[in-house]
Amino acid sequence: MIIKLYEENPRQKEIDSIVKILNNGGVIIYPTDTGYSLGCDVTNKKAMEKLLLIKNSKRKEDLSFICSDLKHISEFANISNDNYKILRKYLPGGYTFILEASNQIAKLVSRGKKTVGIRIPDNNIAISIVRFLGRPIITTSINSDDISEVLADPEIIEEIYGKQVDCVIDGGYIYPELSTVLDISNEEVEIIREGKGSIDWLLN
């Protein structure tokens, strides 16, 4: 099933249908500011296992979370005052920030791992879905890290994944870019991967 949405004004009827799919344990493909991603409700373990099977991965550590705002992040990760200032300035945007995981998240998805990757993408469709779901979406890109296979057209994505996922959300053609991954779980900011988000502010 494919659902068309426009980022400028996502229709509530379609958002409600997508949220229902997630609440029922479904896996979706949806648009972000760095391309199309697989996503499911963070609290549904069966949906998470299905997502990993589609991704052909057993590594829960590779997953990150889409949150709707900074308050949302604080419910699932521990944020220092300095980190809060960074997040407030650079989100929404093309970054994945690695933060200290809350006990709730560590037990749920990270096999005791003490950190978690958090995103607030600069994409109104993704933000609307998470906001009305009321919980983060656990997420992973459908494109590989080296972007060797570019999947940017939702109609082609639907042809490939349509029988494996519960819904493909058509947000238009989005050429994939890697997010910039920054580890801010310690006192220093560590650059893990350079991507869409600028790191100029770290180099000055």
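This is a predicted model: local features need pLDDT of at least 70, side-chain atom pairs count only at pLDDT 80 or more; totals for chains, interfaces and linings use all residues.
Partly exposed, as used in these legends, means a relative accessible area between the buried range, under 20%, and the exposed range, over 50%.

**Figure 1. D166 and K50 form a salt bridge.** The closest N and O atoms of the two residues are 3.0 Å apart. D166 sits in the loop between α7 (154–161) and β9 (167–170), while K50 belongs to helix α2 (residues 45–55).

**Figure 2. D41 and R135 meet through their side chains in a salt bridge.** Here the N to O distance is 2.8 Å. D41 is part of strand β3 (residues 35–41), and R135 lies in the loop between α6 (124–133) and β8 (137–141), so this pair ties together parts that are 94 residues apart in sequence. How accessible are the two partners, D41 and R135? D41 shows 3% relative accessibility and counts as buried, because the cut-off for that class is under 20%. R135, at 23% relative accessibility, counts as partly exposed.

**Figure 3. K196 and E177 are joined by a salt bridge.** Look for the closest N and O atoms, which are 3.9 Å apart; the pair still qualifies because the cut-off is within 4 Å. K196 is in the loop between β11 (190–193) and α8 (200–203), and E177 is in the loop between β9 and β10 (180–183). This pair, too, links distant parts of the chain, 19 residues apart. K196 has 37% relative accessibility and counts as partly exposed; E177 is likewise partly exposed, with a relative accessible area of 38%.

**Figure 4. E177 touches T34 as well as K196.** This view stays with E177, in the loop between β9 and β10, and asks which residues it touches, leaving out those up to four places away in sequence. The answer is T34 and K196. What separates E177 and T34 in sequence and in space? They are 143 residues apart along the chain, yet their C-alpha atoms are 4.8 Å apart.

**Figure 5. The structure holds 6 salt bridges.** Among them are D41 with R135, D166 with K50 and K196 with E177.

How values were computed: Residues are numbered from 1 along each chain as its sequence is written. Side-chain values use heavy atoms; hydrogens and water are left out. Helices (H or I, at least four residues) and strands (E, at least two) are DSSP runs, numbered from the N terminus. Buried means under 20% relative accessible area, exposed over 50%, partly exposed in between (1.4 Å probe, protein chains only). Contact means heavy atoms within 4.5 Å.
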